[in-house]
Amino acid sequence: MLYEAINLASTEYLAKPNDSTQASFFDAIDKIPEIFSKSTESFGTKLTKLKNSQFFSAIYQMLKSKISDNQQLQLLKLMDFLITTASKKEDIEFIFSNDLINTIISCKFNWSLQDNLLAYTSFLKNIATKLPTMNVNYIFTQYPYSLPLYLYSTIFLTNPDSIVVSAARFVILQLCNLKNPEINDYIDYHIPTQQLEKLVSIDEIESIDYIIDLLRVAPLRFTKSIEKYVKNKLNSSGPEYMVICFQNFMDSPLKSMIIQTLNEKLLQYDYSQILNLGILLYSVENKYMTLDTAIQLGFIAIEKFEFVQLFAPITLLNPKPLVSEILIKLSTTRFNALVLTICLKIWEKIYKNQPFFLYDILQAIVKEMKKNLSMKLVRAFIEREEVNIRTDLNFIKENVNYPDYNWNSGNLAPLIDVLLALQLSISRWTKIPISFQFPEINFEIPEISFSTSTNNSITISSSFLSIDNTKIELMRFDVKQGKTKRNLELVIFDRKKFGSLEKKSREIEFETTTIAEQFVEEVEKRQLNNIRVLLAGYGC
């Protein structure tokens, strides 16, 4: 009954095309998906019966006239059903015969309606899934010569709907995946220049994965167009875009261009910005910096050539302002542990031997500490966390506001951190493990004892506090006011694995307020003396 009804409606429409016969045709074909699903006949047989009932001829004729929005949607869903259901090569090619599919693709449907737009792009996407199992000659039109599936997919690359864009991208990737010479030639000479930005957008991780997949299979000119776009984006964007390229495209055809652009940017960056410093370190660690760039940055003395073999062949250029000097200035004035750690790792990669200017940096740090010697500095030493600062790009990108040392802010930890970072670097150069310890003071400072309200004795020497037969390093505790003026709290810092601190508290009650005050005075005097001895040990 289905095929007879379709044949009647098709015959009437072809004989007298008007709104009435067109509506009757769409009523007749409405049950095709349901009947097809229930029928036990082969899909090829069903398609043959549709053809014999003039189904395809009627549709072809209708596409030359206007069909309503609802009829557009019905037609797209029906053809999408036929494409999706077809699994055999001959069945797929049967549907594509007589250029019907290309005609449907090229039809200007009402894409302003969301349902119609989604149905159309789903139709394109499902066609693309069938390409590996069919003769691709069917997707070309000859008069004029065209590839509608590709051309109409590119139109939707700039659509605001992410589902539509995803479908368009999928079609283009599938076409490139075929690696068919004729398809590749067509794509190469019909590159969607205006839509290229949307095609290779890196606003989300899915887009980056798509670009990587596309670069693996895209034809040469298309790849070059993507490369040109990414290069322009690198030149016009901040360092964050360079980091994205490092993290995603260094195993792609874009690698050479990225390295070339990187070396151009290295000569332009403001290295007071932490992320730019991180990129400089990355380029040295991965041997992406050319010798030309290294010389212009001032990392290599041309007349000496005393450097680790990291670089490409040299072409002498006019020297630029020396970035190496900028890094030294940053390290001696800014006192930022992340900045210094990055600089130190750069120098470790470039110089074979410990460079002389490290002493200048150490001298600047020690000078700043001596200038601001106080209990605030003592407490910063006592409460420091021995953290090995990361210098990978992910960490640097997330810590571009890593705190500088600022005496007025009360946060002295950065000053301690830069000293620790410098010591760690020196130990890597000298191959001698270094442990940040306060030296035990050998010259005699009279011990002094204090009595508590419980008749316990507390003794303070130059380096230790002794209480109840327990010895505590003088630079391992802080003294805080207790619940009364006679009460003091010892906050003891035990350093655990990986440099973390564990705090323990102990309450002490002295016989009088005066004794408590004398105890605090003696502790602080000896702690300050410990800092003086430590700083003197640096020879600065």
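Predicted model: local features only at pLDDT ≥ 70, side-chain atom pairs only at ≥ 80, totals over all residues.
Two strands are said to pair if DSSP finds at least two bridges between them.

Strand β4, which covers residues 457–460, pairs with strand β5, residues 464–467, in the antiparallel sense over three bridges. Within this pair, Ile458 stands opposite Ile467 in β5. The two strands β4 and β5 form a hairpin, and three residues lie between them. Strand β5 is also joined to strand β6, residues 470–473, by four bridges, and these strands again run antiparallel. Here Phe464 stands opposite Glu473 in β6. A hairpin is formed by β5 and β6 as well, with two residues between them, and Asp468 in that turn has a positive phi of about 50°. As a general point about such elements, in a regular strand the side chains alternate between the two faces of the sheet.

| Strands | Bridges | Residues between the strands |
|---|---|---|
| β4 and β5 | three bridges | three residues |
| β5 and β6 | four bridges | two residues |

**The chain as a whole**

The protein chain contains 26 helices and nine strands. Its radius of gyration is 38 Å, whereas a compact globule of 540 residues would have one near 24 Å. Taken along the principal axes, the C-alpha atoms of the protein chain fill a box of roughly 120 × 65 × 35 Å. Of the 540 residues in the protein chain, 51% are buried. When contacts between residues at least 6 apart in sequence are considered, 68% of them join residues at least 24 apart.

**Buried residues in helices**

Why is helix α10 described as largely enclosed by the rest of the structure? The reason is that six of the eight residues of this helix, residues 148–155, are buried. These buried residues of α10 are Pro148, Leu149, Tyr150, Tyr152, Ser153 and Thr154.

Gln71 lies in helix α6, which spans residues 69–85. Because buried means under 20% relative accessible area, Gln71 counts as buried with its value of 13%. If neighbours within four places in sequence are left aside, Gln71 is in contact with Gln22, Ala23 and Phe26. Ser283 is found in helix α18, residues 274–285, and at 0% relative accessibility Ser283 is buried too. Not counting residues up to four places away in sequence, Ser283 touches Leu262, Leu266, Tyr288 and Met289.

**A cavity**

Rolling a probe the size of a water molecule over the atoms shows where empty space is left. How many cavities of 30 Å³ or more does a search of the whole structure find? The search finds one, and the largest cavity has a volume of about 30 Å³. Its lining is made up of Met375, Arg379, Asp478, Val479, Val520, Val523, Glu524 and Gln527. The elements that give two or more residues to this lining are α23 (375–382), β7 (477–481) and α26 (513–536). The largest share of the lining, four residues, comes from α26. Sorted by class, the lining of the largest cavity has four nonpolar residues, one polar residue and three charged residues.

How values were computed. Residues numbered from 1 in each chain as written. Heavy atoms only, no water. 1 Å grid on protein atoms, 1.4 Å probe; cavity = no way out; pocket = protein on both sides within 12 Å on 5 of 7 lines; lining within 4 Å. Points joined across faces, edges and corners; volume = space filled by probe spheres on them. Nonpolar A, V, L, I, M, F, W, Y, C, P; charged D, E, K, R; others polar. Buried < 20%, exposed > 50% of the residue type's maximum accessible area, 1.4 Å probe, protein only. Rg over C-alpha atoms; globule rule 2.2 N^0.38 Å. Contact = heavy atoms within 4.5 Å.
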